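Here's a quick briefing to read with the structure open beside you. Take it one topic at a time and find each residue as you go.

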Amino acid sequence: MGFFTENEVETFDFGEAHIAELRFGLGPFYMLLDNVKILEKNSCNRDVRTMRTNGLTFRIIDPQIVAVIEEGCKIYNADGVLQQEIPDRVVEPEEYAGVCEQLEDAVIYELKKEDDVYVISIDGEEHAYTLKVKGNGDSEEWDRFMNLAEI
């Protein structure tokens, strides 16, 4: 990889990033992402504007899964009358592999760090999830910078 940063998660904008691959559970936490914005304050960004990249590898160092939450929803009929309310559900560890598969090709809504916990909100095709992962840091690797307009 051409560029590498550690503990600079706040210098990226992961909103609308596309998940090409996701792995978590008993081993490492790893995401391969496309459409990640690299902010001006990133230590590798020599430009004076926000750039973007594809093929960014995001890792959490010494990950511990705090929670994987399948977000609930409210279902209304065409008249706006509530038909069903589905509550949030905590995903069990034995379901993690299936969640990883479901979330490939999904889009990240938000990725932020709160103290030593990474909170990742993901909009899947059928379900939305919030992943909370405690870690001792993060690393990001990618090959090139692209203009925001490049697809």
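The largest nonpolar core has 32 residues, and the ones touching the most other members are F14, F24, F29, M31, L33, F58 and I108. Keep in mind that you're looking at a predicted model.

- Let's zoom in on F29. Skipping its neighbours within four places in sequence, F29 is in contact with L22, R23, F24, F58, R59, I60, P63, I120 and V133.

- Strand 3 and strand 4 run antiparallel, joined by five bridges.
- If you want to spot one of the pairings, look at L22, whose bridge partner in strand 4 is M31.
- What holds paired strands together? In general, strands of a sheet pair through backbone hydrogen bonds, either parallel or antiparallel.

- Three strands form an open sheet in the order 2-5-6, and the pairing is antiparallel.
- Why is one side of strand 2 (12–13) and of strand 6 (51–53) left without a neighbour in the sheet? Both stand at the edges and each has a single partner strand, so there is no neighbour on one side.
- Three bridges link strand 5 and strand 6 in the antiparallel sense.
- For a landmark, find V36, which stands opposite T53 in strand 6.

**The largest pocket**

- How much space lies in the largest pocket? About 160 Å³.
- Its lining is made up of E70, E71, G72, C73, I86, P87, R89, E126, H127 and A128.
- Sorted by class, that lining has four nonpolar, two polar and four charged residues.

**Out at G2**

- G2 sits in the segment before strand 1 (3–6).
- Is G2 buried or exposed? G2 counts as exposed because its relative accessibility is 53%, and the cut-off for exposed is over 50%.
- Leaving out residues up to four places away in sequence, G2 touches W142 and D143.
- G2 and I38 are 36 residues apart in sequence, and their C-alpha atoms are 14 Å apart in space.

**The whole protein**

- There are one helix and 15 strands in the protein.
- Along its principal axes, the C-alpha trace spans about 55 × 35 × 25 Å.
- The protein has 151 residues, and 40% of them count as buried.
- Take the contacts with a separation of 6 or more: 61% of them are between residues 24 or more positions apart.

Notes:
Residues numbered from 1 in each chain as written. Predicted model: local features only at pLDDT ≥ 70, side-chain atom pairs only at ≥ 80, totals over all residues. Heavy atoms only, no water. 1 Å grid on protein atoms, 1.4 Å probe; cavity = no way out; pocket = protein on both sides within 12 Å on 5 of 7 lines; lining within 4 Å. Points joined across faces, edges and corners; volume = space filled by probe spheres on them. Nonpolar A, V, L, I, M, F, W, Y, C, P; charged D, E, K, R; others polar. Core = buried A, V, L, I, M, F, W, Y, C linked by side-chain atoms within 4.5 Å. Buried < 20%, exposed > 50% of the residue type's maximum accessible area, 1.4 Å probe, protein only. Contact = heavy atoms within 4.5 Å. Pairing = 2+ DSSP bridges. Helix = DSSP H or I, 4+ residues; strand = E, 2+ residues; numbered from the N terminus.
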